[in-house]
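This note collects some points for a colleague who is about to examine the model.

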Amino acid sequence: MKLHDVMTTELEICPVTTPLTAAAATMRDCDIGDVLVRDEQGSVCGIVTDRDLVVRGLAGQADPTSMTLGDVCAKQLHTVDVDAGIDDVVKLMEDKALRRVPVMGGDDVVGIVSLGDLAEALDRESALGQISAARPD
């Protein structure tokens, strides 16, 4: 099994200036738990999860309509190359305690692989594999 067999290729990428409320609406409308963040130069510079919106945004009691993705996104972006092995991705996720990793093809983001994607593909009978494979309600 290759990384491209496991990763999600339908991505939402928002500018760093996107308000938190707009990013939350994108996540809701697309039924996803993260958006990638693009800087002013057009490069993917970060990732924001639904948890980031709550913990770094709402819990700080700041106005979510005035805060942007740049205010809450993880500044150190860990990525893998599309040709990386599954074991390499698992090791990176384990070493850095990551749940999602953007997949790069050269300078372009071509996908994202999540802990749930890996569980569903590699151990579908596990509790996490079954939960990840279930349709959301």
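For the classes used below, Ala, Val, Leu, Ile, Met, Phe, Trp, Tyr, Cys and Pro count as nonpolar, Asp, Glu, Lys and Arg as charged, and the others, Gly among them, as polar. The model is a predicted one.

1. Composition of the pocket lining. By these classes, seven nonpolar, three polar and seven charged residues make up the lining of the second largest pocket. The volume of this pocket is about 470 Å³. Its lining comprises 17 residues, and those nearest the centre are Thr49, Asp52, Ala97, Leu98 and Arg99.

2. Elements around the pocket. At least two lining residues of the second largest pocket come from each of β3 (44-49), α3 (50-57) and β5 (100-105). The greatest contribution is that of α3, with five residues.

3. Asp52. This residue, one of those nearest the centre of the second largest pocket, belongs to helix α3. Is Asp52 buried or exposed? Asp52 counts as buried, because its relative accessibility is 12% and the cut-off for burial is under 20%. Leaving aside neighbours within four places in sequence, Asp52 is in contact with Ile47, Gly57 and Val72.

4. Ile47. Strand β3 holds Ile47, which is buried at 11% relative accessibility. Not counting residues up to four places away in sequence, Ile47 touches Asp34, Val35, Leu36, Val37, Asp52, Cys73, Ala74, Leu77, Arg100 and Ile112. Ile47 and Val101 are 54 residues apart along the chain, and their C-alpha atoms are separated by 8.9 Å.

5. The largest nonpolar core. In soluble globular proteins, nonpolar side chains tend to be buried together. Here the largest nonpolar core has 14 residues, of which Leu3, Val80, Val89, Val101, Val113 and Leu118 touch the most other members. Two or more residues of this core come from each of α1 (3-6), α5 (86-96) and β5. The largest share, four residues, is given by α5.

6. Leaving aside neighbours within four places in sequence, Val101 is in contact with His78, Thr79, Val80, Leu92, Met93, Ile112 and Val113.

7. Helix α2. Which residues of helix α2 (residues 20-30) are buried? They are Leu20, Ala23, Thr26 and Met27. Seen down the axis of α2, these buried residues fall within an arc of 120 degrees, so they line one face of the helix. The exposed residues Arg28 and Asp29 are carried on the face turned away from that buried side. Among the elements covering the buried residues of α2 are β2 (34-38), β3, α3 and α4 (69-72). Just after α2, Asp31 has a positive phi of about 55 degrees.

8. Glu12. The loop between α1 and β1 (13-15) contains Glu12, which is partly exposed at a relative accessible area of 31%. Where neighbours within four places in sequence are left aside, Glu12 is in contact with Thr26, Cys30, Ile32, Val35 and Leu36. The C-alpha atoms of Glu12 and Met27 are separated by 8.5 Å, and the two residues are 15 residues apart along the chain.

Note on methods: Residues are numbered from 1 along each chain as its sequence is written. This is a predicted model: local features need pLDDT of at least 70, side-chain atom pairs count only at pLDDT 80 or more; totals for chains, interfaces and linings use all residues. Side-chain values use heavy atoms; hydrogens and water are left out. On a 1 Å grid over the protein atoms alone, a cavity is a set of points where a 1.4 Å probe fits but cannot get out, and a pocket is an open set with protein on both sides within 12 Å along at least five of seven lines; lining residues have an atom within 4 Å of a point. Grid points are joined across faces, edges and corners, and a volume is the space filled by probe spheres set on the points. A nonpolar core is a set of buried Ala, Val, Leu, Ile, Met, Phe, Trp, Tyr and Cys residues joined through side-chain atoms within 4.5 Å. Buried means under 20% relative accessible area, exposed over 50%, partly exposed in between (1.4 Å probe, protein chains only). Contact means heavy atoms within 4.5 Å. The arc is that of the directions from the helix axis to the C-beta atoms.
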